[in-house]
Structure formats: C-alpha cells, structure tokens
Amino acid sequence: MDIKLVSSSNKKKVIDLGNGVKIGDGEFTIIAGPCAVENYEQLEATAKFLNKLGVNVLRGGAFKPRTSPYSFQGLGFQGLKYLRDVGKKYNMKVISEIMDPRDVERAYDLVDVYQVGSRNMQNYSLLKELGNVDKPVMLKRGMTATVNEWLMAAEYIALEGNDNIILCERGIRTFENYTRNTLDLTVVPIVKSLSKLPIIVDPSHGTGMRELVATMARASVVVSADGIMVEVHPSPDNALSDGFQSLDFSMMNELINQVDILKKYMNELE
Ligand code: PEP
Ligand code: MN
C-alpha cells in the first residue's frame with residue numbers, strides 16, 4: 001500500500017463543518033434527508049422534522065446517478081438551491097453529490113460538503129477537482145472497491161491539497177442479493193487502523209431495506225463509526241427514488257432514540 005497523506009501515521013483528522021458539527025472528534029454525527037430533493041415542500045418538511053430531533057446535517061441529492069436513464073435524474077442546480085435555502089432556514093449544514101468536475105465550482109456556494117458517490121469513487125478528474133477546493137468531501141466507497149482502492153481514491157483528493165475527507169461505507173456487491181448491498185462494517189475498525197480519516201456508515205444504501213436500517217445504524221455505533229447517513233422521506237412510498245430504503249418520520253425518531261442510548265453506553269465502555 002502506498003497510503004501517505006491519509007495514513008494513520010498522521011494526526012487524526014477532525015472535519016469541522018462549523019455550527020459545532022465536528023466529524024471525527026468522538027461525537028456520532030447523524031446526516032439525514034431524502035435520497036433526492038424532489039421539491040421545496042418535501043425538503044422543507046423533512047428538514048423541519050429532523051431539526052427538531054437535533055440533526056444538523058441535511059442530505060439531499062440533486063444530481064442522481066440512476067441505473068436507468070429513464071428514472072428521475074434529480075433537479076440539478078435548482079435542487080441544490082432548495083437545499084441551501086432550507087439549510088439556512090433551519091441552520092443545518094448541507095451535503096449533496098456532484099458527479100461532474102465541471103459542476104464543482106458552480107456548486108461551491110450551495111453545499112457545505114461535497115459528496116462523491118459510489119459510482120464515482122474512481123472518477124479521478126472529479127477527485128482532483130475536489131482536491132483543489134477548500135470544503136470537505138465525503139467519499140463513498142465504490143460498490144466493488146477494496147479498502148486499498150478506496151483509500152487511494154482519498155489520497156488523490158489529499159494530494160491536490162484538500163485532506164478534509166470523510167469516508168462513507170455504503171455496502172459492497174457480493175453474491176448475496178437478499179439485501180441491495182452487503183454492508184461491510186468490518187471496514188470501520190480497519191479504516192481507523194489504516195487511516196487518519198473519519199468514517200461514517202450509510203445503512204440505507206448498505207441494506208436497501210428500511211426495516212434493517214435502524215439495526216445497522218445501531219451496529220454502526222457499536223463498531224465506533226463517526227456517524228451515519230440515513231435516507232428519510234415524509235412519505236417513503238411516494239418517493240421518486242429509494243423509497244423502499246427510506247425511513248418515515250416515526251421510524252427516524254425511533255432510530256435516533258436508540259442511537260442516543262447506545263452512544264452513551266459506548267462512551268462508558270471507552
Ligand atoms: C446517495 O447517497 O445519494 C447515493 C446515490 O449513494 P451511493 O453513491 O452510495 O449509491
Ligand atoms: Mn438513495
């Protein structure tokens with residue numbers, strides 16, 4: 001392995017988003033929101049609910065990498081503007097995926113964290129572009145990426161000068177097809193031993209089944225992840241994307257209560 005800049009031989013990285021949100025400092029950060037920004041009302045209702053629960057990082061896809069070109073592709077920059085407006089209204093930091101290196105600069109004022117999706121983990125032009133930006137990047141694991149390939153992708157960003165990188169485990173492709181992906185929680189301690197970067201878990205894409213999300217969120221606390229990213233929708237069955245893995249408000253409420261209890265327990269153990 002050739003991991004240099006993101007290796008654990010360097011000082012542990014804490015990603016400070018402002019507003020008291022620090023990823024990697026021992027807190028358990030919850031990032032939540034809809035898979036896709038569908039319209040202002042949907043996003044506003046979700047943010048209002050999440051904010052009451054103390055969630056202060058809002059997710060919402062505006063550029064959606066869908067398997068079929070006929071599926072909803074996202075609202076593009078209009079979606080990012082809704083995200084920015086709603087984030088301001090509820091004093092929440094916002095994160096969204098950018099797929100095209102040409103969109104990085106234009107999105108600069110609209111996002112607090114740039115997301116690199118699983119399908120773009122090895123899009124080296126995108127990684128290099130994000131390496132030149134002074135905002136954090138969340139790098140999702142490629143669905144067939146080894147730990148080494150993932151950390152080397154992070155190294156590409158860091159080599160350009162930006163080492164404000166959060167890793168996100170979102171499940172990998174295996175022979176198992178009961179779940180959408182196989183959530184590989186072993187990478188949390190592995191990445192922590194190899195890298196200085198914080199790592200969060202996405203149990204929504206990691207399972208593809210809403211009834212498994214809370215359980216795997218709890219497991220993420222137990223393996224000492226730095227947080228989770230969860231898909232939440234006011235009416236999951238009517239969502240334009242990933243409704244089957246999105247939580248409704250009452251399921252999300254329950255998840256947060258469970259995570260809070262476990263987090264306290266884990267603090268006592270450490
Ligand atoms: C997402 O988080 O919006 C997403 C598309 O996930 P992934 O890139 O992990 O498939
Ligand atoms: Mn999704």
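Arg 59, Gly 60, Gly 61, Phe 63, Lys 64, Ile 95, Ser 96, Glu 97 and Gln 115 line the largest cavity. This is a predicted model, where local features need pLDDT of at least 70, side-chain atom pairs count only at pLDDT 80 or more, and totals for chains, interfaces and linings use all residues. Residues are numbered from 1 along each chain as written, ligands are numbered from 1 in written order, and side-chain values use heavy atoms without hydrogens or water.

**Cavity**
- A cavity is a set of points, on a 1 Å grid over the protein atoms alone, where a 1.4 Å probe fits but cannot get out; lining residues have an atom within 4 Å of a point.
- The count is 1 cavity of 30 Å³ or more.
- The largest cavity has a volume of about 40 Å³, taken as the space filled by probe spheres set on the points.
- Strand 5 (residues 93-97) contributes the most to this lining, with 3 residues; strands are DSSP runs (E, at least two residues).

- Around ligand 1 (a heavy atom within 4 Å) are Arg 59, Lys 64, Glu 97, Gln 115, Gly 117, Ser 118, Arg 119, Lys 140, Arg 170, His 205 and Met 229.

- Ser 118 uses a backbone N or O atom, 2.8 Å from a ligand 1 oxygen.

Key:
A polar contact is a pair of N or O atoms within 3.5 Å; within protein, one must be able to donate a hydrogen and the other to accept it, and residues adjacent in sequence count only if both atoms are side-chain atoms. On a 1 Å grid over the protein atoms alone, a cavity is a set of points where a 1.4 Å probe fits but cannot get out, and a pocket is an open set with protein on both sides within 12 Å along at least five of seven lines; lining residues have an atom within 4 Å of a point. Helices (H or I, at least four residues) and strands (E, at least two) are DSSP runs, numbered from the N terminus.
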